[in-house]
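This report describes a single protein chain.

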Amino acid sequence: MRRPLREAMMEPAVHHFRSRGVSVVIECPSDALPAILHWGPDLGPLDDRALAALAASLRPRRDLTADVPVRTGLVPEARTGWTGLPGLSGHHAGRDWSPAFTAVTYGLREDGGVRALTAEAADPRARLTLSLTVELHPSGLLRARAGLRNDHDVPYTLEALHLALPVPGVATELLDQAGRWSKERVPQRRPITVGAHVREGRHGRTGADAATVLFAATPDAGFGRGEVWGVHVAFSGNHRAYAERVHTGRTHLGGGELLLPGEVTLATGDSYRGPWVYAAYGRGLDEAAHRFHGFLRARPSHPRTPRPVVLNTWEAVYFDHDLDRLLELADRAARAGVERFVLDDGWFPGRRHDRAGLGDWYVDPQVWPDGLGPLVERVRGHGMQFGLWFEPEMVSPDSDLARAHPDWIMGAGDRLPPAARHQQVLNIAHPDAYAYVRERLLTLIGEYAIDYVKWDHNRDLVDAGWAATGRAAVHEQTHALYRLLAEIRAARPGLEIESCSSGGGRVDLGILEHTDRVWASDCIDPLERQQIMRWTAQLLPPELVGSHVGAPRSHTTGRVHALPFRAVTAFFGHFGLEWDLTALDEAELVEVAGWIALHKRHRALLHGGTAVRVDDAPEGFQAHGVVAGDRSEAIFAIALLERPVTWPPGLLRLPGLDPDVSYRVRPLTPARSRPREGEPAWLTGDHVLTGRALAVSGIGVPALWPEDAVLAHLAAV
């Protein structure tokens, strides 16, 4: 049901939004910015009298340093007495650095289960107008964004526009993520103390070290217990997320775009609109994750068809593009059950190594004298889709493009940024560079009817500006990327695009407005991927996360693992292979085909169910699973990551099931090559327990060898 927007002057009001166990209480005065008084657990239905009483108790009290209560709106203002981080920073040639937004109008709307409040606030003296939107979605996910318009005859230099959300005093710890290339999304935890914990992304992309979701949490918080409040800045360029506790004990989570000096100057009538800041409350990290997952799955653009099993050629052939070898690889992929064949880096001129060629987006006639047609024809003849790798935002200094257009390379004036991966960044905010990249991609996509683009981005944006002026340009570059992706998808309906950025360096909800999956990491060593996939799930459902099986010896770590551990680790995501199948004997190829068939048989559950991460696995073990929406079925993975001190292993509790339903528990993985004595009963025959017993007592953990894993299938009986 759609209700029209009401835009009219309103008396000071308090609005209560509720969804899926979440309440948001917003105070909306006509002479000050709206403020969130409560964001957290559901307060239940409240009539006007009860809501007014609640608001009175939630408003800040006067402290010893001010004669009036210090109020913080969604955009905190110094003029209210707030001495923490400001929400808006900027000035008109040194003036109007502390605006006073005192004339506010509001609107309410409800559309498709989304409850929304809009506000437009003016500072008549500074001639600035601030716009705010707050939405509560059916999954219980909250999001907000802010914009600013300059109506002054003096340009306004914008330095920052951030939103802040309150969290209660019971949240005394912070949880976010760190990482680096091939070891993304490493959790880190610390106490909340007075001051600010600021996570800045200055890579010009989201970054392998991104906070991803910055949580304030109760001390007991885990995947299925405690309480958490988290924020995510949905922007693929420079960004900032922070947690701040001030001397009065009040704590806020906030964030927005991180603007470099001079990036945004608003002339008369110009506007700036910041990114969405998403906020998830949960009783445990899993519930907070489910809010993100539910929001993403409800999008009209979310993939609705089964995620095709992928073979990507990078770790199979690297730069060695030989047609006969690739044809054999395609034949073998088809026999194994692959549904999408992706030709990676190496198909364009000069690309026999990584030191040349980026930007020259033409098929190399020396390596491909007949173009890509013979390979595409073979791939399509097997009923597979065809995908192609690009790195459109990058340029090699050793390329025809760089030699012809050195002014298209980003830099800080008359110098190039430090070299990284033998490449520089192409300024796609430059209209001519943008037009060139757009034309090249659309031409190749059209010529070969490409189904899928692996869109890579392999270096940070350092000293990233306009070559002619040196003016910083990460903001413009990021928005040019969004525009380019939108235009390519509009021109080629049905095309799917993967966000890859040195692996997991561009994983955020901004890029996912324009792409269909992310590559979580360049590391597919299953021991590393156990952690990477576990914590990527804090933001994304598994069907949006590329998850491949590599060769026995890992390309990035040198570790050697048996196929069951590699396959179980990759099983839950957007499944695929990164492996030279031509090196396999017949028995090995049949084994790979068996894992692919098993994934296909269960991918509707894997990619539509509820993700569950287990808090209390026995020492050395880790477990996670997915439960069907109606709780009729579930699959859990049980992995031994390191040798425990004690043995044999104990019991593993399985949460998320219907307590009053009985489930038959069976192994889903093929028979293990090295069974051990004392295996639990469910591995050797039918085993039936209620959901309550499974959650309270659990099942026996298999006597696995280190760095091995099994799958357990549960079906209601």
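The sections below treat overall dimensions, helices and loops in turn.

## Basis of the model

The model is predicted: local features need pLDDT of at least 70, side-chain atom pairs count only at pLDDT 80 or more, and totals for chains, interfaces and linings use all residues. Residues are numbered from 1 along each chain as its sequence is written, and side-chain values use heavy atoms, with hydrogens and water left out.

## Overall dimensions

The protein contains 13 helices and 38 strands; these are DSSP runs numbered from the N terminus, helices being H or I of at least four residues and strands E of at least two. Its C-alpha trace spans about 80 × 70 × 50 Å along the principal axes. The radius of gyration is 27 Å, which agrees with the value near 27 Å for a compact globule of 717 residues. That radius is taken over C-alpha atoms, and the globule rule is 2.2 Å times the number of residues to the power 0.38.

Of the 717 residues, 59% are buried. Buried means under 20% relative accessible area, exposed over 50%, and partly exposed in between (1.4 Å probe, protein chains only). Among contacts (heavy atoms within 4.5 Å) between residues at least 6 apart in sequence, 70% join residues at least 24 apart. The accessible surface comes to about 27,400 Å², with 52% belonging to carbon and sulfur atoms; areas come from the Shrake-Rupley method with a 1.4 Å probe, and for residues only the protein chains shown count as cover.

## Helix α4

Helix α4 (residues 323–336) has 14 residues, and its end C-alpha atoms are 20 Å apart, in agreement with the 20 Å that it should span at 1.5 Å a residue. The expected span is 1.5 Å times one less than the number of residues. Buried residues in α4 are Leu-326, Leu-327, Leu-329, Ala-330, Arg-332, Ala-333 and Ala-336. Their cover includes β21 (310–312), α3 (314–317), β22 (340–343), α5 (373–381) and α11 (586–606). Just after α4, Gly-337 has a positive phi of about 105°.

## Helix α7

Helix α7 (residues 431–447) has 17 residues and reaches 24 Å from its first C-alpha to its last, close to the expected 24 Å. Here Ala-433, Tyr-434, Tyr-436, Val-437, Arg-440, Leu-441, Leu-442, Leu-444 and Ile-445 are buried. Elements covering them include β23 (385–390), α6 (400–404), β26 (452–455) and α8 (474–491).

## Backbone features in loops

Most residues other than glycine have a negative phi, and most peptide bonds are trans. Ala-93, in the loop between β4 (88–91) and β5 (103–111), has a positive phi of about 50°. Ala-93 counts as exposed because its relative accessibility is 68%. Ser-182 lies between β11 and β12 (183–191) and has a phi near 70°; at 10% relative accessibility, Ser-182 counts as buried.

A cis peptide bond, with omega about 5°, joins Trp-647 and Pro-648. Pro-648 is in the loop between β33 (633–640) and β34 (651–652).

## Surroundings of Val-170

Val-170 sits in the loop between β10 (163–167) and β11 (173–180) and is partly exposed, at 47% relative accessible area. Leaving out residues up to four places away in sequence, Val-170 touches Ala-217, Thr-218, Pro-219 and Trp-229.
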